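Please find below a short note for a colleague who is new to this structure. The points are numbered, and each may be read beside the model.

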Amino acid sequence: MPESGTGLDVRGMIAKKRKSASIRTVVEKLVPRILFGIAAISVLTTIGILLTLLTETVIFFERVPFLDFFTGTKLKPLGEEAVFGVLPLLTGTLLSSAIAMVVAIPIGLMTAIFLSEYASEKLRRTLKPLLEILAGIPTIVYGFFAFTFVTPLLRSFIPGLEPTNILSPGIVMGIMIIPMVASLSEDAMSAVPNAMREGALALGATKLEVTLKVVVPAAISGIIASFVLGISRAIGETMIVAIASGSSKNFTFDVTQSMQTMTAYIVEVTGGEAAAGTTLYYSLYAVAMTLFVFTLVMNLVAQYISRKFREEY
Amino acid sequence: MKYVDAAQVQKKMGTRLLANKLAKNLFFLSTLFGLIVLVILIYRVVAQSIGWIDADFIFNKLSTDPEKAGIMGAILGTLWLMAVVAPVTMVLGVGTAIYLEEYAKKSRLQGFIQTNISNLAGVPSVVFGILGLTVFARALDLGSVVLAGGLTMALLVLPVVVVASQEAIRAVPQYLREASYGMGATKWQTIKNIVLPASLPGILTGVILALSRAIGETAPLVVIGIPALLIPLPDGVLDKFTILPVQVYYWTTDSALVAEYANLAAATIVILLIVLFAMNSVAILIRNKFQKRF
């Protein structure tokens, strides 16, 4: 031990400094690893979803042939002679989404045009938050609205309409999607530089002509992406159809009839507490897998469109 | 040679201006359409709930008798659910955002995780319900309790928190970080002492919005297996529970049998909307009051 000549314990101070520095180095090294672990959880969630769906779906297809499932027009999951054909659910899903988009695309796009091109700044600032309220209402409330208000209202016009049908939830779903289409399209249109509008106006175009021939074509990638995301949202929407479209597994294209969508089937089967190990239980995963693939493809298409066809200004 | 036939232009001008005017009104009407539906929806729900919301309705337990039924269980269930979702989603969301913005900036890994998160945001909520049912409720054998529902919901709303936190962290100007490095601080010290405090309002706004999304979701919890009539009040994260929107679902579907259930559903919706409105107002308030503009 070397002797310390002065009153100051310099060596001690150096040792202390080294120690705190080394703790700091350890912390500095540890933190990014911990954070990486946390960030990995979102990836694990995706893997978890894929794995659970895949493993159970494989078992389902061991019992029910792949082709029978995707070409079967009959779905009768209960009873002795259960038949699993997904087409009734697919038509239900596609019909309700189509009806929703017939409502959401024109109204959403026209709303976006009004907000981006015609409304004054002040009007825009009052209207946008109100539309956001529409977007923030839980879907169960829309389901209640479809079931207790829209269906009875439609029944007074359309005599053949069943108490549960695919038309009313389709329309209400469209109303729910309007704010989404409107806000995404408006973002795309607002990104079109004013110089382009002014150029067209200077050539003598009216505002409508500027909108339809300059702004909309320039923003078309964002607008189409908003439509595709809207469709994806409609396909995945659950509570509105679970309440208002009924549970009959009809294979039909008649929108006045009660039909079931893929999402509503999942809710019905899990709500009935399907015993693990039954084919009914595994059918849940096959339907969920189909639904997952549909929405994933839609989302990827939307991302592709907005990336590929974006015009940079 | 004449390039423009003035007479021709003159002749068309009237129709062009008329079309413009008509289109403007049409665009305005379609903007109003959404708002009119909003007004009708709220009017209908409130009208149906009148006379049904009173102290008994709030404080009573569930019951098959519409006159005695109350939503105390669903309110407590909602609070317990928030108690699980808030910390879990905050830790996961903020941690992911810090990693993506501060440590993995512009790397391939960042791109991968980012794409993964935006795809996760597009997965239907009912599929998250299947994940929760399979992993939390069955594989971990938790059953349909608060913890299982809360973890499922936390994963469902995770993208909301991640994106909001990323935006908040990105808004902290680089010179603040550099000043901190200049004082000798390490990277983590800079994040902990400079970046996080500066981005806290934005993060909190995101967490509140995520929570309000979580307590309005129905499908994942129905899939996990929440019973239609649950009498005992939840007393911890390992108890069975129900929340307001799930109660709305069961009362609405059963209103074909007992007509008064529709009124109970409407009354529950009013309470739910008030809660959501309050939460969103708080989020906006935080954003406007504490958000620093750099």
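1. Helices (H or I, at least four residues) and strands (E, at least two) are DSSP runs, numbered from the N terminus.

2. This is a predicted model, in which local features need pLDDT of at least 70 and side-chain atom pairs count only at pLDDT 80 or more, whereas totals for chains, interfaces and linings use all residues. Residues are numbered from 1 along each chain as its sequence is written, chains are lettered from A and ligands numbered from 1 in the order in which they are written, and side-chain values use heavy atoms, with hydrogens and water left out.

3. An unreviewed UniProt entry places the feature "transmembrane region" at several spans of chain B, including 120-140 and 261-286; such annotations may be inferred rather than shown by experiment. Residues 120-140 of chain B are 81% helix and 0% strand, with end C-alpha atoms 22 Å apart.

4. How many residues of chain B are in contact with chain A? Contact (heavy atoms within 4.5 Å) joins 74 residues of chain B to 73 residues of chain A. The two chains bury about 6,300 Å² between them, 78% of it on carbon and sulfur atoms; buried area is the accessible area (1.4 Å probe) lost on putting two parts together, summed over both.

5. One salt bridge is counted between chain B and chain A, formed by the side chains of Arg16(B) and Glu209(A) at 2.7 Å, N to O. The term requires a side-chain nitrogen of Lys or Arg within 4 Å of a carboxyl oxygen of Asp or Glu. Helix α1 (residues 6-49) of chain B gives the most to the side of chain B that touches chain A, with 21 residues.
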